[in-house]
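Here is a protein to read with a few definitions in hand. Look at it first.

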Amino acid sequence: MLKIDNLHASIAGKDILKGLTLHVKPGEVHAIMGPNGAGKSTLGNILAGRDGYEVTAGSVEFDGRPLLELDPEERAAAGVFLAFQYPVEIPGVNNTYFLRSALNAQRKARGEEELDSMQFLKLVREKLSVLHLDDRLLHRGVNEGFSGGEKKRNEIFQLAVLEPRLAILDETDSGLDIDALRHVADGVNALRAPDRAFLVITHYQRLLDYIRPDHVHVLADGRIVESGGPELALQLEEHGYAWIADRVAPEA
Ligand code: ADP
Ligand code: MG
Ligand code: MG
């Protein structure tokens, strides 16, 4: 589904990704771990098509299409979803309205029929129930005055409604207490599906106690320097990232 090969990218002339290769199949959950500044958010942002990054080498294929040639809206329509590390607030814009617009823009781009408000409401009810959420968040402005936990729940709710093929969660666990963390993890687990893959980016292992990944990768200095199963996350928890530092090959 996702084939990233030898990806090199820079920000403001500074090399950040230095030959990153990662292949993801449908249905899989991959955790991307790594020290601060390794390039984890850069990877997510590049996949989603955010501005400010220059890809200098390598390729990204998504469902057989050259992802980097698509604009951000086309990527979203193709099923790429990025949940932000710091979700934006859009005061005054009703959360439900915002989400219906986003969904319909994607459906339209795919040549699918747009949902009217009744159909959308039905979808929303269904997703709220899958995630065991109540509807309090729906009627407020997008993330307006939401607590950290509420923002993350809202991200998971957005994910549920947009039904992406590839969901990228960037530090969805940062700043969450244990209850909120479990809630997010339960949501992700409920949304796992054979045709959907997840990239779960996290600095800490604790989220992975609840979202059990199929594969764990360590991103350090712009490359994947180690890959393994869930046990790799536990080793990192125990030994820290210094343990992996000697595996980072010198820059070519
Ligand atoms: P991570 O998410 O792994 O902590 P990031 O991808 O956010 O790492 O950042 C990787 C590197 O890129 C860091 O050294 C960071 O300082 C640098 N960086 C990120 N964004 C910018 C930017 N807008 N301008 C310059 N440098 C940046
Ligand atoms: Mg960081
Ligand atoms: Mg980051």
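The questions below set values against definitions.

This is a predicted model, where local features need pLDDT of at least 70, side-chain atom pairs count only at pLDDT 80 or more, and totals for chains, interfaces and linings use all residues. Residues are numbered from 1 along each chain as its sequence is written, and chains are lettered from A and ligands numbered from 1 in the order in which they are written.

Q: What makes up the secondary structure of the protein chain?
A: Eight helices and twelve strands. Helices (H or I, at least four residues) and strands (E, at least two) are DSSP runs, numbered from the N terminus.

Q: Why is the protein chain called as compact as a globular protein of that length?
A: Its radius of gyration is 18 Å, close to the 18 Å that the globule rule gives for 252 residues, so the chain is as compact as a globular protein of that length. The radius is taken over C-alpha atoms, and the rule is 2.2 Å times the number of residues to the power 0.38.

Q: Which residues are closest to ligand 1?
A: Gly 37, Ala 38, Lys 40, Ser 41 and Thr 42, out of 13 that surround ligand 1. A residue is near if its C-beta atom, placed from the backbone, lies within 6 Å.

Q: Which element gives the most to the shell around ligand 1?
A: Helix 1, with three residues.

Q: How are helix 3 (residues 95-109) and helix 5 (residues 148-162) packed?
A: Their angle is about 35°, and their axes are 10 Å apart. Axes are lines fitted to C-alpha atoms, for helices over the stretch in contact, and angles run from 0 to 180 degrees between N-to-C directions.
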